[in-house]
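Subject: Handover of a structure and its findings

Dear colleague,

Please find below the structure that I am handing over to you. My findings follow directly after it.

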Amino acid sequence: MDKSLAVRQIYAVADWRIRTQLRNSEFMQEELRSALDFYFSEEKVSRYYLQEYSNGFYLGEIRNNERQGYGAYLWYNESPPNSVYIGYWEHGNKNGEGFYLMTSGMCYYGEFVNDKFQGEHSHVVGSSGIEFEAEFYNDDIIKVLYSNGGFTYNGQSYGGRGSSGSSSGGSSS
């Protein structure tokens, strides 16, 4: 595989998500398109490395033989759509700001620490199209800041339209 094919595959997955899961979220569409256009310009891609793995490929910056800096990892799945992470890496882990477009249909935009969702004002569009903004710690929702409908995340149910506050049950550890 060459870099131009890798970029086309990343764009194809992102574009499919924009037209389906993110079709009602202008904010997420704009942020994702902006990141793709900026970080996958021809000039930047020419400086990126391409590493292929049995479960996908990585296109981005590498230091000391690890994913480090900006890049994208696209996982091959048995049936489309493929999952893709587009964002910052540190020591091979998702660290810093990024987008994670998952096979389940969930699309996450926010901060990562050691491969986990973490930070305030993380934006998520679920597979059902429900959009919410929350504070995450170690992949768990600490506080829902906004949602346009009720949703379930990691087995916990959260309130309906315009809801704000903590989960409707369960701990916030």
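D115 lies in the loop between β6 and β7 (116-117); helices (H or I, at least four residues) and strands (E, at least two) are DSSP runs, numbered from the N terminus. D115 is not a glycine, yet its phi is positive, at about 70°. Its relative accessible area is 32%, so D115 is partly exposed; buried means under 20% relative accessible area, exposed over 50%, and partly exposed in between (1.4 Å probe, protein chains only).

A positive phi, of about 50°, is also found at N154, which is not a glycine. N154 sits in the loop between β11 (151-153) and β12 (156-158). N154 counts as exposed because its relative accessibility is 58%.

Please note that this is a predicted model, in which local features need pLDDT of at least 70 and side-chain atom pairs count only at pLDDT 80 or more, while totals for chains, interfaces and linings use all residues. Residues are numbered from 1 along each chain as its sequence is written, and side-chain values use heavy atoms, with hydrogens and water left out.

Overall form

The chain has three helices and 12 strands. Its radius of gyration is 16 Å, which agrees with the value near 16 Å for a compact globule of 173 residues; this radius is taken over C-alpha atoms, and the globule rule is 2.2 Å times the number of residues to the power 0.38. Along the principal axes, the C-alpha atoms fill a box of roughly 50 × 35 × 30 Å. Of the 173 residues, 48% count as buried. The chain exposes about 8900 Å², of which carbon and sulfur atoms supply 44%; these areas come from the Shrake-Rupley method with a 1.4 Å probe, and for residues only the protein chains shown count as cover.

Nonpolar cores

In soluble globular proteins, nonpolar side chains tend to be buried together. A nonpolar core here is a set of buried Ala, Val, Leu, Ile, Met, Phe, Trp, Tyr and Cys residues joined through side-chain atoms within 4.5 Å. The largest such core has 27 residues, and those with the most contacts inside it are I10, L32, F40 and I86. Two or more residues come from each of α1 (3-19), α2 (26-39), β2 (56-63), β3 (66-75), β4 (83-90), β5 (93-101) and β6 (107-113). The largest share, six residues, is given by α1. Another core, of 22 residues, lies apart from this one and includes W89, Y108, V124 and F151.

Individual residues

Contact means heavy atoms within 4.5 Å. Leaving aside neighbours within four places in sequence, I86 is in contact with residues including I10, L32, F40, G71 and F99.

G71 belongs to strand β3 and counts as buried because its relative accessibility is 0%. Beyond four places in sequence, the residues that G71 touches include F40, Y58, Y85, I86 and W89. The C-alpha atoms of G71 and G98 are separated by 9.5 Å, the two residues being 27 apart along the chain.

Which strand holds E131? E131 is found in β9 (residues 131-137). With 16% relative accessibility, E131 counts as buried.

Yours sincerely
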